Amino acid sequence: MVKKMDVRAQVSMVFHLDKCIGCHTCSVACKNLWTDRAGAEYMWWNNVETKPGTGFPTRWEDQDMWRGGWDETLALRAQGRATALLKLFYNPRQPGLDDYYEPWTYRYNDLFDAPAGDDQPTAVPVSQITGKPIDIESGPNWDDDLSGSPLYAENDPNLESLSADERHALFEIERLTMMYLPRVCNHCVNPACVASCPSGALYKRGEDGIVLVNQEACRGWRSCVVGCPYKKVYFNWKSGKSEKCILCYPRLEAGQPPACFHACVGRIRYMGVLLYDAGRIEEVAKAPLEKLVETQRSLLLDPFDPRVIAAAEANGVSAQMIASAQQSPVWKFVAQWKLALPLHPEYRTLPMLFYVPPLLPVMGRAIEGVYGRASKTGGMFGALEEARIPIRYLAGLFSAGNTDVVQSSLLKLMAVRWHRRSLDMADVDDATAQSVLAEAGLTAQQADAIYRLTALATLDERFVLPPLQRERAIAGEHAEETRQTCGFGRTESPRRGA
């Protein structure tokens with residue numbers, strides 16, 4: 001007997017890390033639009049981290065300390081049935097002020113009222129909690145570009161899997177490198193924050209999978225902060241409520257991308273719909289570490305399969321949502337091309353934010369005047385074995401240590417570059433490009449499609465979502481077309497004599 005599919009729709013994201021320039025425009029756009037309005041002056045729902053680095057809050061990836069997410073039996077690591085009540089009043093795994101940062105401002109009067117002199121006056125930083133001068137040591141986006149520093153990069157938990165030689169090579173001054181890692185809430189399929197909440201305030205919307213906090217139901221227990229392994233739920237000390245990224249759902253319902261997506265300078269962000277089988281969540285989340293990426297991919301369903309379409313319609317998934325899933329750039333990156341990978345799948349939350357790992361550097365390192373070594377993926381672009389960011393480091397981030405998955409993704413990215421160079425330049429012949437494509441498991445048509453979506457995609461190609469996902473505020477009309485009307489149905493322009 002064939003098991004019936006429980007098809008759900010999920011708004012999902014892909015971040016292409018090779019294109020991130022670390023400008024933090026996304027962080028500022030999110031903070032200006034939402035967190036200040038909510039009274040959360042010191043929250044960063046969207047932040048960009050430099051890797052190697054400790055991130056925000058400090059060492060959030062050290063689950064031996066924070067114990068977020070699920071274990072291999074799908075039991076919450078932070079609490080159990082017996083301990084949940086006791087930990088409402090004191091939880092040793094709760095991050096504190098020092099793990100985030102002590103908010104500060106500056107004594108601007110030191111600038112405005114400074115007497116005339118030969119020295120440039122400076123504004124002294126003061127704590128917004130105590131009002132006293134402080135030495136600023138950390139904060140959101142604080143370790144920018146500090147790869148190699150003994151305070152930040154060398155304390156990255158992901159370095160523990162590297163050998164001493166790999167660490168030494170990573171921090172050699174002439175080979176020093178870094179990557180930017182933008183982070184928002186992953187809106188996981190199996191969210192630990194939702195399971196951790198004793199008051200049931202967190203929930204996952206059935207129509208699009210966005211994880212939200214019901215501000216009326218929230219009692220400020222902060223169990224969600226402990227349970228989330230990515231530490232993307234924050235406690236607002238002004239309101240006494242937990243808050244998090246809401247994926248700008250009011251904008252999505254009006255057919256617009258989230259603020260951070262819209263503001264992204266590097267155009268690294270893609271958004272679309274994925275269909276998945278909710279009946280297999282437990283099976284997939286319990287997979288062995290080395291198979292977590294592949295099993296999560298297997299959870300996703302082909303939106304062109306007639307059986308999937310029929311099951312989705314039976315579950316109430318709209319025709320608009322199914323059509324969007326068929327055109328989804330996330331489906332292409334994750335399932336078709338298998339380029340994008342989840343962040344720390346070992347937390348077993350099944351995150352719906354995927355990352356295309358960075359292929360750094362673009363140019364190979366010159367060895368005796370020759371780029372790279374004799375290798376199919378060497379030459380002008382260098383060999384993967386000589387990458388300045390070790391594959392094992394990337395595997396610790398995106399594949400629970402499975403280097404084969406990361407190497408497969410990087411080989412495809414490298415093959416696309418070889419293929420495009422064979423078309424545009426004279427230094428790569430067609431036979432060599434075809435050989436590299438075959439080694440990576442790509443066709444020329446797929447390489448062209450990857451190039452198109454990566455480098456030339458328009459806004460409508462990068463964000464493929466139905467214009468209305470929740471309900472029609474104005475029946476039969478597109479929300480974007482009626483934003484400036486009164487909101488009570490169709491309006492007509494005034495006419496003389498009316």
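Predicted model: local features only at pLDDT ≥ 70, side-chain atom pairs only at ≥ 80, totals over all residues.
Residues are numbered from 1 along each chain as its sequence is written, and side-chain values use heavy atoms, with hydrogens and water left out.

Of the 498 residues in the chain, 52% are buried (under 20% relative accessible area, 1.4 Å probe, protein chains only). Among contacts (heavy atoms within 4.5 Å) between residues at least 6 apart in sequence, 69% link residues at least 24 apart.

On to the holes: searching the whole structure turns up six cavities of 30 Å³ or more. A cavity here is a set of points on a 1 Å grid over the protein atoms alone where a 1.4 Å probe fits but cannot get out, and lining residues have an atom within 4 Å of a point. Volume is the space filled by probe spheres set on the points, which are joined across faces, edges and corners.

The largest cavity holds about 110 Å³. It is lined by 15 residues, with Cys185, Cys188, Cys193, Cys228 and Tyr230 closest to its centre. The second largest cavity comes in at about 90 Å³. Its lining also has 15 residues, and Cys20, Gly22, Cys23, Cys26 and Cys264 sit closest to the centre.

Conventions
1 Å grid on protein atoms, 1.4 Å probe; cavity = no way out; pocket = protein on both sides within 12 Å on 5 of 7 lines; lining within 4 Å. Buried < 20%, exposed > 50% of the residue type's maximum accessible area, 1.4 Å probe, protein only.
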